[in-house]
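Reader: Before I plan anything around this protein, could you take me through how its parts meet?

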Amino acid sequence: MTTDTGTTRRHPVLVVGAGPAGLSAALALRAAGLPAVLLDRRTEDSIRPGSRAAYLHGASLRELERLSPGLGHDIAGRGQMWATKRSYWAGKEVFTRTYAPLTRDGLPPFTSLPQVITEDLMADACRKAGAEFHWGVEITSAETTPDGVRLTDSAGRTWEADYVVAADGSRSPLRAAIGSPLEGPRSQHTFVVVDLVDDPDHPMPIERVFHYRHPKAGGRNVLTVPFAGGWRVDLNLLADDDPEKYISPEGLRNWLSRILPAAYGERVSWVSTYRFAQQVATHFTDAHHRVLLTGEAAHLFAPFGARGMNSSIPDAIGAVEAITEALDATRPHTATAAVARFAAQRHEAASYNRACAASALEHMLAQRPSMWLRQRAAAAVADAGRRAGAWLDAAPYGPKLAARGAARTSY
Ligand SMILES: Cc1cc2nc3c(=O)[nH]c(=O)nc-3n(C[C@H](O)[C@H](O)[C@H](O)COP(=O)(O)OP(=O)(O)OC[C@H]3O[C@@H](n4cnc5c(N)ncnc54)[C@H](O)[C@@H]3O)c2cc1C
């Protein structure tokens, strides 16, 4: 039996990818008493930039706490919460709500902190639980049979397992290997996302603010969200905008200093652009029910609504529950049925999340005249009718009620 090279050791389960989905799977495996072996192409000390999945739902905190007691509280303790959310329409406030401070003990309804900190805390919890990490292992191909999976890495080594949790992210080689393409559109519009480091000399109120048609941003929508140590700003570019103009150092200084205290134009720590994705893999497992897709290997959603990482966690937990059942099964049919059930349930949750992302995008772009008129009417009556303002405030994130096990939104 070998250890590090993996050549002849047969594992009950291998997890490919040590992002949020893979780490959640490893925690779930250890909580179920199974060995957790993770393979990741990164080096152990590689740094993943940007706040990325900064917003963690209460449901995610509770699941992580259940898998690893103390972890949910550790993450919440490092994160930032805000009591006030606010929306503006073209310079006019249309909605504000401030929540009373939390008085009960327990986990908060959400927290906001850079994804890299959440991942570090999750990885520490994995190590403490006895998970085994193999860094610098890039899986390049996978072959499945009715009996298991054989992975090959870029160094030519093979890794064998009864089941594989595919948590290898948006470009997932495992998704390609099982022939499950992503289906669904990506917006033509570009969204700019910027992280700003807190400036103690120019403190800003700890509030989540969405500004429709910001007059100082040329009528573009702007979302500002606090996270522990900084601020995340999303700028919705218009169809004809050249993204370069908005992400160059000069461009950033230009628009940021118009909408925030000028000092923040110099406090950019990360900038990125994205298109609004609404994509789901055609199927979440292979023909032999041996590879289970989770996280961004299975679906891509835009950041609005925070459905990416927050739905990766129930994906991973569902995959491990199915694998546990399959490993215990005495008949092949029972094992296959458990994995098929996982695949169907998480595909349904992802499809629901995709529909939510589509509705959020439709709202933000307001390309249909009926939507545009409805928004303008809501903004006009928001002073008198609180429901109109509440609708404008909530709609950029998509519907709030989620299908069983899907991500919930509550920015
Ligand atoms: C700008 C931006 C903002 C975002 N904001 C939010 C947000 O506010 N809220 C939210 O919920 N989500 C957000 N997301 C999405 C969130 O970051 C992802 O959903 C989350 O990281 C997905 O986790 P994952 O584990 O599936 O994939 P990843 O985090 O991508 O992890 C995949 C892992 O697999 C490894 N890997 C890849 N290929 C291989 C290979 N061939 N062999 C071995 N290892 C491999 C990678 O090194 C990586 O460690 C955002 C994303 C971006 C880009």
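Reader: How much area do domain 1 and domain 2 bury between them?

Author: This is a predicted model, in which local features need pLDDT of at least 70 and side-chain atom pairs count only at pLDDT 80 or more, while totals for chains, interfaces and linings use all residues. Residues are numbered from 1 along each chain as its sequence is written, and side-chain values use heavy atoms, with hydrogens and water left out. Buried area is the accessible area (1.4 Å probe) that two parts lose on being put together, summed over both; 67% of it here lies on carbon and sulfur atoms, and the total is about 1300 Å².

Reader: Which residues of domain 1 lose the most area to domain 2?

Author: The domain bounds, from an automatic or database assignment, are 10-79 + 104-184 + 278-360 for domain 1 and 187-277 for domain 2. Together accounting for 40% of what the domain 1 side buries, the residues are Ser51, Pro303 and Phe304.

Reader: How many residue pairs are in polar contact across the interface of domain 1 and domain 2?

Author: Salt bridges (a side-chain nitrogen of Lys or Arg within 4 Å of a carboxyl oxygen of Asp or Glu) number zero between domain 1 and domain 2. For polar contacts, a pair of N or O atoms must lie within 3.5 Å, and within protein one must be able to donate a hydrogen and the other to accept it, with residues adjacent in sequence counting only if both atoms are side-chain atoms. With both residues at pLDDT 80 or more, the number of pairs is six.
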